[in-house]
Amino acid sequence: MSGTGPAGRDAEGPNHLADLAWPEVARRAAGSLLVVPLGATEQHGPHLPGTVDTEVAVALAVGLAAARPWVTVAPALPYGSSGEHAGFPGTLSIGPEAVELVLVELARSADAFAGVLVVSGHGGNAVPLRRAVGRLRREGRRAYAWAPAGTGHDSHAGRTETSVMLALRPASVRRAALRPGDRRPLAELMPVLRRDGVRAVSPSGVLGDPTGATADEGRGLLRQWTGQLVAAVDGWWPGPAPDRSAPATPVVGRGA
């Protein structure tokens, strides 16, 4: 899972939409699950690039496609709902309403495929993603959502994300800038985060402690998350036509 580039670009492959002409898509789409990596462009402390969430989502989608060749990976959507990071330069947020609308319209345009799965790398996308999936299901479409579970004490630019980036793109990690941020549990911080944003609790933008991060730990996390994603998809697919009255698939976020 080292094929993601600095902007979260998909790795090349026969099941990547970026590499397929439309007749090739037509031959595979009816039996394929389209996977859309959904990320964000937002600050990740003084030591990580703003593309972390997108790169994680792409890596997981690529890992799923490697395990299940009937999956087609779409180009990533690199913007999300990141208003809580607005106090930091470089954060580009389109907000929850726009995220929901973009996902709904994108999935509607993908009716050639047997279904659409959005793999999200950013916890702030959870609510609009859940709403989008619910709306699409009510319209009779096969729509799914998945995100890796996080830890309540290491929710943003801490050990977890730093380890993953050391595994995916080590040159992007500014090791000399590794410093602990606010290490309180996310549940304790959430009221302030919702009201005043990340900068109110962490001037560096870090929630957690990245200083113990390692590439080996990052590779282990990616294997774990990919295995969980594959298991989740195997539980959904193939299957009967979706129940239009079914609730939207829960989205488990990784934090802020």
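Analyst: The buried residues of helix 3 are Gly95, Val99, Glu100, Leu103, Val104 and Ala107. Buried here means under 20% relative accessible area, exposed means over 50%, and partly exposed is in between (1.4 Å probe, protein chains only). Helices are DSSP runs of H or I with at least four residues, strands are runs of E with at least two, and both are numbered from the N terminus. What you are looking at is a predicted model, in which local features need pLDDT of at least 70 and side-chain atom pairs count only at pLDDT 80 or more, while totals for chains, interfaces and linings use all residues. Residues are numbered from 1 along each chain as its sequence is written, and side-chain values use heavy atoms, with hydrogens and water left out.

Helix 3 covers residues 95–108, which is 14 residues. From its first C-alpha to its last it reaches 20 Å, close to the 20 Å expected at 1.5 Å a residue; the expected span is 1.5 Å times one less than the number of residues. The cover over its buried residues includes strand 1 (33–38), strand 3 (115–120) and helix 4 (126–138), where contact means heavy atoms within 4.5 Å.

Now for the charged side chains. A salt bridge is a side-chain nitrogen of Lys or Arg within 4 Å of a carboxyl oxygen of Asp or Glu, and by this rule the count comes to 12. In one of them, Asp182 pairs with Arg184, with the closest N and O atoms 2.7 Å apart. Asp182 counts as buried at 12% relative accessibility, whereas Arg184 counts as partly exposed at 37%. Elsewhere, salt bridges that share partners join Glu105, Arg108, Asp111, Glu139 and Arg141 into one network.

Another salt bridge joins Glu217 and Arg159 at 2.8 Å, N to O. Glu217 lies in helix 7 (residues 215–236) and Arg159 in helix 5, so the pair ties together parts that are 58 residues apart in sequence.

Helix 5 (residues 159–168) also packs with helix 2 (residues 52–67), at an angle of about 65 degrees and with the axes 11 Å apart. Axes are lines fitted to C-alpha atoms, for helices over the stretch in contact, and angles run from 0 to 180 degrees between N-to-C directions. On the helix 2 side the contact involves Val52, Asp53, Glu55, Val56 and Ala59, and on the helix 5 side Glu161, Val164, Met165 and Leu168.

Finally, here is the wider setting. The chain has 7 helices and 4 strands, following the pattern α-β-α-β-α-β-α-β-α-α-α along the sequence. Buried residues make up 53% of its 256 residues.
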